[in-house]
Amino acid sequence: MLLLFDIDGTLMAGATAAHSQSLDAAIHEVHGVDPAGLRGRVSPAGRTDGEIARLILLEAGISARRIDERAPEVREACGRFYAQTCPPDLSAYVVAGMPELLGWLARLDDVSLGLVTGNFEPVARLKLARGGLGAWFQSAPGAFGSDSEDRAALPGIARRRAGRVPRAQAIVIGDTPRDIACARADGVRCVAVTTGQYGPEDLAGADAVARDADELRACLESLGL
């Protein structure tokens, strides 16, 4: 079984300040656009970094062609700024019970941990490391916002990187309706958690909904772990 975890709102909550500031700084450096007055028009929850940047830039009147041409520069700059501004210790932002859950999962036979996150990969890796969760995902397969702006593409990318894991053997774990939508787009199951900003009624399209890490363990066991 391949378990594909989201990061923000799922494994960690509230650790996005330096991340969003770094993306804004990257947009400003590459395109000369100040996102300050534009961010309020874009809901970031469940979106990839690339999609967030695109929506901000479109609001600023930047052409889609120009956005495409300079997307690699935005990715590089965001990772660079985040490495400079990320707090050295993000452990306070780890969702309660998640380290214990990951430790349990890592001990199970025939279970692999992976990532499906909208974060650019350097941001995701550093965020997990500073949160004390990096060891569980150091060599884990995954798909990131740097792989595609389209979150719906990410579970399939992660499954291929894990050795073409069949859809029936993969589960996406996330906290937003977009996590559910990306799982459905790839034909895999999804367990949603209410550790982010959405409640059970918003996440009803998942195969199961958990309030916390303990309930998440029970949901995963019920799905065949």
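**Chatting through a predicted model**

Modeller: This one is a predicted model, and we can start with glutamate 201, which counts as exposed because its relative accessibility is 62%.

Biologist: Okay, where does glutamate 201 lie?

Modeller: In the loop between strand 5 and strand 6.

Biologist: What about threonine 195, where is its place?

Modeller: That loop too: threonine 195 is between strand 5 (189-193) and strand 6 (208-210).

Biologist: Is threonine 195 buried or exposed?

Modeller: Buried, because its relative accessibility is 18%, and the cut-off for buried is under 20%.

Biologist: So what is threonine 195 in contact with, leaving aside neighbours within four places in sequence?

Modeller: Gly9, Thr10, Ala13, Val95, Arg211 and Asp212. With glycine 9 there's a polar detail as well: a polar atom of the threonine 195 side chain sits 2.7 Å from the backbone oxygen of glycine 9.

Biologist: Switching to helices. Which residues of helix 2 are buried?

Modeller: Helix 2 covers residues 49-59, and the buried ones are Asp49, Gly50, Ile52, Ala53, Arg54, Ile56 and Leu57.

Biologist: What covers them?

Modeller: The cover includes helix 1 (17-31) and helix 3 (64-85).

Biologist: How do helix 1 and helix 2 cross?

Modeller: Their axes come within 11 Å, at an angle of roughly 50°. That angle is why the two helices count as oblique to each other. The crossing is right-handed.

Biologist: Which residues make that contact?

Modeller: From helix 1 it's His19, Leu23, Asp24, Ile27 and His31, and from helix 2 it's Asp49, Ile52, Ala53, Ile56 and Leu57. By class, the contact has six nonpolar, two polar and two charged residues.

Biologist: Why would residues three or four places apart point the same way?

Modeller: Because an α-helix has 3.6 residues a turn.

Biologist: What follows helix 2?

Modeller: Glycine 61, with a positive phi near 90°.

Biologist: Last topic, helix 5. Which of its residues are buried?

Modeller: Helix 5 is residues 121-130, and Val123, Ala124, Leu126, Lys127 and Leu128 are its buried residues.

Biologist: What do those pack against?

Modeller: Helix 1, helix 3 and strand 2 (112-116).

Key
Residues numbered from 1 in each chain as written. Predicted model: local features only at pLDDT ≥ 70, side-chain atom pairs only at ≥ 80, totals over all residues. Heavy atoms only, no water. Helix = DSSP H or I, 4+ residues; strand = E, 2+ residues; numbered from the N terminus. Buried < 20%, exposed > 50% of the residue type's maximum accessible area, 1.4 Å probe, protein only. Polar contact = N/O pair within 3.5 Å; in protein donor to acceptor, adjacent residues only side chain to side chain. Contact = heavy atoms within 4.5 Å. Axes fitted to C-alpha atoms, helices over the stretch in contact; angles between N-to-C directions. Parallel < 35°, antiparallel > 145°, perpendicular 65-115°, else oblique. Left-handed = near helix turned anticlockwise from the far one by under 90°. Nonpolar A, V, L, I, M, F, W, Y, C, P; charged D, E, K, R; others polar.
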